[in-house]
Amino acid sequence: MTSVEDIPPDLWEECPRCHQLLYARALEKELWVCPKCGYHFRLNAAQRLQITVDEGSFTPWDADLPLVDPLGFPDYYQKAQKAREKTGLDEGVVTGRGALDGIAVGLGIMDLAFIGGSMGWVVGEKITRLMERCREQALPAVMFCASGGARMQESLIALMQMPKTSGAVGKLGEAGLPYVTVLTDPTYGGVTASYAFLGDVIIAEVGAAMGFAGPRVVEVTNLNLPPHVQTAEFHYEHGMIDILINRKQLQETLQTLLYWFAGRPRQPDGEAGSGNLLGEATTDE
Ligand SMILES: [Zn+2]
């Protein structure tokens with residue numbers, strides 16, 4: 001007889017909102033959206049890639065940057081090393097080139113499992129290089145945000161990533177290339193105050209928490225904020241977000257936007273488009 005100990009712990013997931021027990025494989029088919037209450041589970045970078053880009057199309061960029069500890073912050077280097085081992089990621093953001101329905105795109109995907117998806121020098125540098133490569137290769141950029149904000153162990157150097165990434169986004173715009181951001185649960189701090197809210201089109205997944213100061217900071221300020229102020233829904237109602245979306249419509253919406261930016265109709269089903277925004281075949285580097 002099967003005992004409780006024999007059941008792999010990752011076979012079932014409990015919905016944090018409605019507490020329904022969900023079979024993990026069935027949940028994956030639902031793109032990690034609870035079929036009972038619609039709660040959007042937080043995704044890691046690999047899951048996000050899997051449900052976003054054309055299969056086999058993704059090539060990572062800048063995965064070889066070193067861990068940095070510019071201020072000699074106690075235990076920080078060891079913490080970052082452990083995060084690398086735990087997540088299999090080099091840092092809190094994955095960047096690279098992929099394709100959506102055949103349209104080449106530069107992608108950035110943040111991962112909360114790496115020190116809360118916080119933004120230090122490496123994260124800022126990877127995002128800046130992502131924008132620069134998109135310019136060189138005439139690619140649109142799509143950035144999936146999930147972050148607790150700037151990385152406190154890098155203090156001012158982390159904060160300096162805000163103008164650096166914002167400047168790189170600005171240069172992308174000057175080159176006439178589109179930039180789309182997708183805000184996912186949660187997006188806070190210096191990330192919201194820089195590249196997250198600079199998209200030409202800003203999309204947010206339903207139910208995502210977001211804002212500049214996190215709830216714990218807001219609590220100690222004794223400000224009487226309206227309820228639900230730090231939600232995607234509130235930001236959408238107040239014009240800060242262009243599209244509030246269920247994850248199940250996200251891939252198709254991104255594809256539609258990319259075709260729209262390219263000024264050409266979507267291809268019929270089964271016929272992938274090709275090349276960059278100008279319809280030119282491009283290769284990496
Ligand atoms: Zn649920």
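**Entry 1: ground rules.** A helix here is a DSSP run (H or I) of at least four residues, numbered from the N terminus. I also note that this is a predicted model.

**Entry 2: helix α4.** I started with α4, which runs over residues 121–137 and has 17 residues. From its first C-alpha to its last I read 24 Å, close to the 24 Å expected at 1.5 Å a residue. I then looked up its buried residues, and found W121, V122, V123, G124, E125, K126, I127, T128, L130, M131 and C134. What covers them? I noted strands β3 (59–61), β4 (93–100), β5 (103–110) and β6 (141–147) among the cover, along with helices α5 (155–159) and α6 (161–174). Just past the end of α4, A138 takes a positive phi of about 55°. I jotted down the background to that: most residues other than glycine have a negative phi.

**Entry 3: helix α6.** Next I checked α6, one of the elements covering α4. It has 14 residues and reaches 20 Å between its end C-alphas, close to the 20 Å expected. Its buried residues are Q161, T165, A168, V169 and L172. A reminder to myself: an α-helix has 3.6 residues a turn, so residues three or four places apart point the same way. On the other side of α6, I found P163 and E174 exposed. The cover over the buried residues of α6 includes α4, β6, α5 and β7 (179–188). Just after α6, G176 has a positive phi of about 80°.

**Entry 4: the core.** I went looking for the largest nonpolar core and found 54 residues in it. V105, A141, C145 and L183 touch the most other members. Elements that each supply at least two residues to this core are β4, β5, α4, β6, α6, β7, β8 (201–205) and α10 (247–262). Which one gives the largest share? It is α4, with 7 residues.

**Entry 5: a cis bond.** In strand β7 I stopped at P186. The peptide bond from D185 to P186 is cis, with omega near -15°. For context, most peptide bonds are trans.

**Entry 6: loop residues.** T52 sits in the loop between α2 (45–50) and β3. Buried or exposed? I count T52 as buried because it has 21 C-beta neighbours inside 10 Å, and the cut-off is 20 or more. T52 and L100 are 48 residues apart in sequence, yet their C-alphas are 7.2 Å apart in space.

H19, in the loop between β1 (12–14) and β2 (21–23), is not a glycine but has a positive phi of about 65°. H19 counts as exposed, with 10 C-beta neighbours inside 10 Å. N222, in the loop between α8 (215–221) and α9 (232–237), is not a glycine either and has a positive phi of about 60°. I list N222 as exposed because 6 other C-beta atoms lie within 10 Å.

**Entry 7: domains.** Last, I looked at how the chain is divided: domain 1 covers 1–41 and domain 2 covers 43–262. Their C-alpha centres lie 26 Å apart. The contact takes 6 residues from domain 1 and 9 residues from domain 2. On the domain 1 side I noted 5 nonpolar, 1 polar and no charged residues.

Conventions:
Residues numbered from 1 in each chain as written. Predicted model: local features only at pLDDT ≥ 70, side-chain atom pairs only at ≥ 80, totals over all residues. Expected span 1.5 Å × (residues − 1). Buried ≥ 20, exposed ≤ 12 C-beta atoms within 10 Å, placed from the backbone. Contact = placed C-beta atoms within 7 Å. Domains from an automatic or database assignment. Nonpolar A, V, L, I, M, F, W, Y, C, P; charged D, E, K, R; others polar. Core = buried A, V, L, I, M, F, W, Y, C linked by C-beta atoms within 7 Å.
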